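These are my notebook entries on the structure below. I list what I looked up, in the order in which I looked.

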Protein chains: 2
Amino acid sequence: MQKTFNIGLCGLGTVGTGVVKILQKHQNEIVHQIGYPIEVKKILVNNMDKKREGNIPLSLLTDKVEELVEHPDIDVIVEVMGGIEETYEVLEKAIQNKKHIVTANKDMMAIYGSSLLQFASENECDVRYEASVAGGIPIIRSLTDGLASDRIHKIMGIVNGTTNYILTKMIEQNRSFEDVLLEAQQLGYAEADPSSDIDGLDAARKVSLLSTLAFSMSVQLQDVDVRGIRDMSYDDLFYAEQLGYTMKLLGIASRDEGKIEMSVQPTLVPHHHPLASIKDEYNAVYVYGEAVGETMFYGPGAGQLPTATAVVSDLMDVVKNIRLGVTGKTSVQPQFETKLKHSSEIYSKFFFRLEADDETGTFLAITSVFAEEKVSLDKILQMPKQGRATAEIVLITHEASKEQIDNVLHKLESLQVINGIHSYYRVEGEGEA
Amino acid sequence: MQKTFNIGLCGLGTVGTGVVKILQKHQNEIVHQIGYPIEVKKILVNNMDKKREGNIPLSLLTDKVEELVEHPDIDVIVEVMGGIEETYEVLEKAIQNKKHIVTANKDMMAIYGSSLLQFASENECDVRYEASVAGGIPIIRSLTDGLASDRIHKIMGIVNGTTNYILTKMIEQNRSFEDVLLEAQQLGYAEADPSSDIDGLDAARKVSLLSTLAFSMSVQLQDVDVRGIRDMSYDDLFYAEQLGYTMKLLGIASRDEGKIEMSVQPTLVPHHHPLASIKDEYNAVYVYGEAVGETMFYGPGAGQLPTATAVVSDLMDVVKNIRLGVTGKTSVQPQFETKLKHSSEIYSKFFFRLEADDETGTFLAITSVFAEEKVSLDKILQMPKQGRATAEIVLITHEASKEQIDNVLHKLESLQVINGIHSYYRVEGEGEA
């Protein structure tokens, strides 16, 4: 008799509908690769009466989670409904019933990922979550398999499409943050409440997931230092361009001598850096490995079918493992104790944009502050502000510690000649020669 | 008792030495991930007396292949010695003795890959060859695992670092092909006999390996249409730039309605295309999937440690499979019959650079040829040649079939007003708006 593998699909929103589409459309190729068909047995929905896209038999729908997690014929739970605590409990119940898990849920994984993986492993169940980071880009696999033999030193990712879209349009079209955000909301690229995107939380969740894998440490979401793009002005982007840099919201994670730092922050990258050319809503993850050197993985970070591709590829992996009888045996526990760098150990260049009195001695006063903190300057741009007795001063430092930069900021704030610190941002990569 | 997995290393050149280095340096992390150490048991070399880099015990070296492929304690043969027929025979013998194979040998895989995979599968052995395409970039895994659920329509790859280095320097430094080639040879980026790189054969081998995986068809190396960069001039690159394009040597493979085309040829890509920004000796593979859309994988295409990273990651995979008892069970035979497109079914835009008499009627005569073959023109650039009674004419067509373009070329050749067809190249992607 022909065996069929059955899934219980939790959620029939954008991604869930995409999963059903891909399973239907590519069934032939899927059967060829894994030997058996995959069928959707039950679908958990909130609202039984809502009209649904595509031809999904009503008999599959249920609003009772037990009909999925306790169903004797269901092999794998595909979770694409979102939510954190409740969803985690559903998946725990599923694992108790020996169901394997494929999820696209970064919010839940960033908080409960290590518990879930541990519990699954004890129950010989698989948990896969490729779709939770950078949608259609197979970055999790690349870290766990393709670059498994290497020691990863640094990851820098454009892992939030909404903010990359906003920054791209701001600089290309000389527009304000608020203006582009509104457009992005109208186009459906940004949510009605955009805060988790524009304040960096969404990216921070992805950084914590990638760091856990890349550094083999169990990291906490709250250890990611987060700063979004809400306060950015067109001028910040413009001056960055003038100095040879493109502004991106980067998730950064790096390791030196067993200690790590993790952050999400607006960052200047040189025009020639691979990340600088990533435009609009695209995502890219740059990985620097000790042996492999520079690599980058580029693709759509969201969207129905890209995300569903990642979900179904994970599902095929799990089914292969079920067939071979090796589920729950491929996940690896973190190897190293989590040690975070102190702010005196986090080094980078920094960009400052200041407004100061346009008079003798101003520049000396400012540079003295940097000199006192032993921060040397790489690039300087000074222009009079039109119609005002002030000058705009843009500086890029050489490498300095976060601690030094915090000290500089503190001193600049109390400097008489300074009328305002417009902005300061991290700078990554070597600039143009 | 602690089990150790043993490898027989065939070849101790650049990559072989890199494999030994990574196994030594990352032993701790490798043991954590796969549970057991990996040890080099024997190394096959040509010359027993040659001085070797690093601290490799002389007792490991042998020039007798039997000491590896028949060694009772060796689990995996790592083949990094190159060669085709003889090497294939060595690996066949290894598989007969139930050894698994990890190879970086694209030359051999492009010809004997499907036989080797088939034979290994019959013997429950694994064969892995990630390092054979694009060095440190995990592109094979991305096609077989990460994008497994998708239907790949097109692959375009910069898969030869030498030619990408040459093209980058030609355009950036206004230099001739011959001049940059000489420099590349001095720097060790190009071989003393550079023909397999610059004439496209190296890239063609990679295209055939990628096509087999992406389209699930068994393709032949001779079905890849190959054209190298030996005849390119700085002017070709210059005019391409003027019209908004960057010239790259691309391996192209695409599928429509079950039929495929494969080629290696100099190709114009728009400046804003992800492939246009890949510089120097870097590689990148652009993959267009039906569901996922545009993705790209970027990294070092060669070099000791990047390539060795791919080899050791493969090795770790094989060891995991040995431990789980599932070797030889994960490879998938091609699903579809190989059908090649006829030249009337291969569509793209084309770039022409012609020299013609600078007199009335010339342009009409030329455009008439295109019109007769129903090829319409997208961009036209005409300039008088300094100090001559001729004009340089650069054209970019709209989409046309290869057959149409061949007809146009044939007619242009016999046109009186044309003094020379300097060059013609394929054009990919949409140009600037």
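**Entry 1: how the copies meet**

I began with the contact between the chains, keeping in mind that this is a predicted model. I find that 100% of the interface residues of chain B are also interface residues in chain A, so the copies meet through the same surface.

Chain B can be laid on chain A by a turn of 180° with a shift of 0.0 Å along the axis, and the RMSD is 0.0 Å. The two copies are thus related as by a two-fold rotation axis.

Which residue of chain B comes closest to the rotation axis? I find B:F297 there, with its C-alpha at 2.4 Å from the axis.

**Entry 2: chain A as a whole**

I counted secondary structure next. Chain A has 14 helices and 17 strands. Its radius of gyration is 24 Å, close to the 22 Å that the globule rule gives for 433 residues, so I note chain A as being as compact as a globular protein of that length. Along the principal axes, the C-alpha atoms of chain A fill a box of roughly 90 × 45 × 35 Å.

I then looked up burial and surface. Of the 433 residues of chain A, 58% count as buried. The accessible surface of this chain is about 17400 Å², and 47% of that belongs to carbon and sulfur atoms.

For contacts in chain A between residues at least 6 apart in sequence, I note that 74% join residues at least 24 apart.

I also checked the charges. Chain A holds 41 positive and 63 negative charges, and their mean positions are 5 Å apart.

I looked up A:T246 and found it in strand β9, residues 245-256. Is A:T246 buried or exposed? Its relative accessibility is 11%, and buried means under 20%, so A:T246 counts as buried.

Setting aside residues up to four places away in sequence, I list A:E241, A:T267, A:L268, A:V269, A:H271 and A:A276 as touching A:T246. I also took the distance to A:T163, which is 83 residues away along the chain: the C-alpha atoms of A:T246 and A:T163 are separated by 14 Å.

The other residue I looked up here is A:G293, in strand β12, which covers residues 293-300. A:G293 is buried, with a relative accessible area of 14%. Outside four places in sequence, A:G293 is in contact with A:V287 and A:Y288. From A:G293 to A:H153 I count 140 residues in sequence, and the C-alpha to C-alpha distance is 9.4 Å.

I place A:K374 in the loop of chain A between α13 (362-372) and β14 (377-384). A:K374 is exposed, with a relative accessible area of 69%.

I place B:A134 in the loop of chain B between β6 (127-128) and α6 (139-146). Is B:A134 buried or exposed? I note 1% relative accessibility for B:A134, which counts as buried.

B:E85 is in helix α4, residues 85-96 of chain B. B:E85 and B:I111 are 26 residues apart along the chain, and I have 9.3 Å between their C-alpha atoms.

B:D225 is in strand β8 of chain B, residues 225-226. B:D225 is partly exposed too, with a relative accessible area of 40%.

Which residues does B:D225 touch, not counting those up to four places away in sequence? I list B:M262, B:S263, B:V264 and B:K402. I also noted B:I252, which is 27 residues from B:D225 in sequence and 9.6 Å from B:D225 in space, C-alpha to C-alpha.

Technical notes
Residues are numbered from 1 along each chain as its sequence is written. Chains are lettered from A and ligands numbered from 1 in the order in which they are written. This is a predicted model: local features need pLDDT of at least 70, side-chain atom pairs count only at pLDDT 80 or more; totals for chains, interfaces and linings use all residues. Side-chain values use heavy atoms; hydrogens and water are left out. Copies are superposed by least squares on the C-alpha atoms of residues with pLDDT of at least 70 in both. Contact means heavy atoms within 4.5 Å. Helices (H or I, at least four residues) and strands (E, at least two) are DSSP runs, numbered from the N terminus. The radius of gyration is taken over C-alpha atoms; the globule rule is 2.2 Å times the number of residues to the power 0.38. Buried means under 20% relative accessible area, exposed over 50%, partly exposed in between (1.4 Å probe, protein chains only). Accessible areas come from the Shrake-Rupley method with a 1.4 Å probe; for residues, only the protein chains shown count as cover. Lys and Arg count as positive and Asp and Glu as negative; His and the chain ends are not counted. The place of a charge is taken as NZ of Lys, CZ of Arg, CG of Asp or CD of Glu.
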